[in-house]
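Subject: Structure handover

Hello,

I am passing a structure on to you, shown just below. My notes on it follow.

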Amino acid sequence: MDFDLSEELVAVRDLARDFAEKEIAPTAAKDDRGHTFRKDLVLKMGELGFYGCVIPETYGGNGLGFLALTLITEEIALVHSAMRVFINMQVGPALALLQFGTEEQKKRLIPPLIRGEAVGCFAITEPDAGSDVAAMRAAAVRKGDGYVLKGTKIWISNAPVADNALIYAYTDRSQKHRGISAFYADLSQPGVSRRSLETLGAHASPIGELTFENFRVPTGNLVGKEGEGFKICMWQLNHTRLSCAAGALGVARAAREAAVSYANQREQFGQKIGQFQMNQDLIAQMVVHEEAARLLVCRAAWLADQKQPNNLEVSMAKYAAAESAAFAADAALRILGAYGYSTEFPVERYLRDAKSYQIVEGSSNIQKLIIAQDALGYRKANR
Ligand SMILES: Cc1cc2nc3c(=O)[nH]c(=O)nc-3n(C[C@H](O)[C@H](O)[C@H](O)COP(=O)(O)OP(=O)(O)OC[C@H]3O[C@@H](n4cnc5c(N)ncnc54)[C@H](O)[C@@H]3O)c2cc1C
């Protein structure tokens with residue numbers, strides 16, 4: 001077992017760290033307060049090859065792998081969690097196309113995504129279908145050389161700004177979840193309306209609703225076969241969930257670093273507050289939860305790079321990292337006291353951003369469900 005990163009991975013991580021410090025950090029607070037969408041940063045991350053890590057060179061990627069992508073994602077989220085969302089919005093649809101698309105689709109649709117030129121998103125969730133994906137109501141009806149889509153998708157990251165969307169909708173409701181299909185759609189076509197939504201955190205990551213009414217998608221943009229949508233969705237979520245876990249790690253680390261730095265400076269009762277054992281208890285837990293989550297994230301990414309099943313490991317990594325981020329941000333806020341609660345310092349942003357990781361891409365409960373069902377032998381996660 002080798003816990004050292006290769007020289008190549010160290011170089012990739014350092015590139016992302018340098019980029020985040022120089023390009024993201026200076027305006028992170030301002031972007032968060034202003035709810036600013038930074039298309040320039042989406043493009044720059046594409047230029048640096050971040051989205052291309054898990055895409056082969058044939059389709060414009062660099063094939064560095066999932067471990068590389070998780071290292072990059074952690075560095076970006078460390079500085080500003082909202083900016084790591086863009087990685088998933090470009091990589092998620094690109095990966096689904098790579099795995100399930102036709103050769104023509106891969107050549108046509110993947111390169112603009114991984115260059116960051118076509119802003120992507122994936123639309124699964126609906127007002128009445130969150131964790132229960134198969135409860136979706138969106139429907140696509142075959143008409144001539146295309147499909148006509150109708151339905152509403154909600155809480156879609158990038159919905160207000162996306163050029164394209166990977167959309168999941170029923171083509172045959174009688175087949176239950178086996179009647180869902182996946183479509184890669186051009187959102188500049190008529191029949192789609194958008195509504196921005198406000199959330200607690202990740203303010204620089206636009207989020208909203210997409211409503212489709214008589215929205216046409218050519219048959220050439222059906223991804224996989226009709227009825228394969230649920231399978232594609234679960235496959236895609238397993239990969240974007242890993243990136244999410246890496247993002248949560250970044251937030252956990254940011255919160256821990258802020259807490260340690262403050263505890264070493266702030267004095268009360270004539271000593272540094274780091275000397276108080278109750279604060280040490282919080283710091284020890286932050287360190288251990290974060291490091292345990294990092295090992296799980298790296299193992300899940302390593303398995304992906306070995307092309308081995310990793311659904312169970314991804315769920316464990318996502319659960320551990322999301323909970324570690326939420327714990328660390330809450331603990332950091334306690335340690336910083338009023339300064340933590342103040343909007344002058346980034347810790348309140350870490351807490352707002354950390355909460356999203358317990359919900360997105362399968363809530364912590366859903367991850368626990370997958371882990372427990374596997375342990376109990378009810379449903380093996382890695383099938
Ligand atoms: C910031 C953000 C970004 C998002 N981006 C996207 C996106 O880009 N694309 C997209 O499609 N969706 C996106 N979503 C939606 C997200 O995927 C859903 O919010 C998530 O799947 C949970 O669904 P829900 O919020 O409807 O909660 P519900 O499914 O209604 O769950 C509510 C509560 O019940 C629990 N629960 C539900 N089912 C079970 C169960 N079987 N056992 C135990 N507990 C259960 C959940 O854990 C949760 O605590 C985003 C959400 C957020 C907050």
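Which elements each supply at least two residues of the shell around the ligand? They are β1 (122–123), β3 (146–157) and α11 (364–376). Please keep in mind throughout that this is a predicted model.

The ligand site

The shell around the ligand has 21 residues, and among these I124, G130, S131, S363 and N365 come nearest. Sorted by class, the shell holds twelve nonpolar residues, eight polar ones and one charged one. Domain 2 (122–230) contributes residues to the shell, and domain 3 (234–376) does too, so the ligand lies between these two domains.

The domains

The chain is split into three parts: domain 1 covers 7–114, domain 2 covers 122–230 and domain 3 covers 234–376. Between the C-alpha centres of domain 2 and domain 3 the distance is 30 Å. Six residues of domain 2 and nine residues of domain 3 take part in the contact between them. On the side of domain 2 that touches domain 3, four residues are nonpolar, two are polar and none is charged.

Helix α9 (residues 311–341) packs against α11 at an angle of about 140°, and the two axes are 9 Å apart. That angle makes α9 oblique to α11. The crossing of α9 past α11 is left-handed. From α9, the residues in this contact are L312, S315, M316, K318, Y319, A322 and E323; they meet S364, Q367, K368, I370, I371 and D374 of α11. Six of the contact residues are nonpolar, three are polar and four are charged. Recall that α11 is also one of the elements that supply at least two residues to the ligand shell.

How do α9 and α10 lie relative to each other, parallel or antiparallel? Helix α10 spans residues 347–357, and its axis comes within 8 Å of the α9 axis, with a crossing at roughly 160°. Angles over 145 degrees count as roughly antiparallel, and α9 and α10 are therefore roughly antiparallel to each other. This crossing is left-handed. On the α9 side the contact is made by A321, A322, A325, A326, A329, D330, A332, L333, L336, G340 and Y341, and on the α10 side by V347, E348, Y350, L351, A354, K355 and Y357. By class, the contact of α9 with α10 comprises 14 nonpolar residues, one polar residue and three charged residues.

Helices α4 and α5

Another helix pair is α4 (residues 66–79) and α5 (residues 81–100), which pack at an angle of about 150° with axes 6 Å apart. This makes α4 roughly antiparallel to α5. T73, I76 and A77 of α4 meet S81, M83, R84 and I87 of α5. The contact has four nonpolar residues, two polar residues and one charged residue.

Regards

Definitions and conventions: Residues numbered from 1 in each chain as written. Predicted model: local features only at pLDDT ≥ 70, side-chain atom pairs only at ≥ 80, totals over all residues. Axes fitted to C-alpha atoms, helices over the stretch in contact; angles between N-to-C directions. Helix = DSSP H or I, 4+ residues; strand = E, 2+ residues; numbered from the N terminus. Parallel < 35°, antiparallel > 145°, perpendicular 65-115°, else oblique. Contact = placed C-beta atoms within 7 Å. Nonpolar A, V, L, I, M, F, W, Y, C, P; charged D, E, K, R; others polar. Near = placed C-beta within 6 Å. Domains from an automatic or database assignment. Left-handed = near helix turned anticlockwise from the far one by under 90°.
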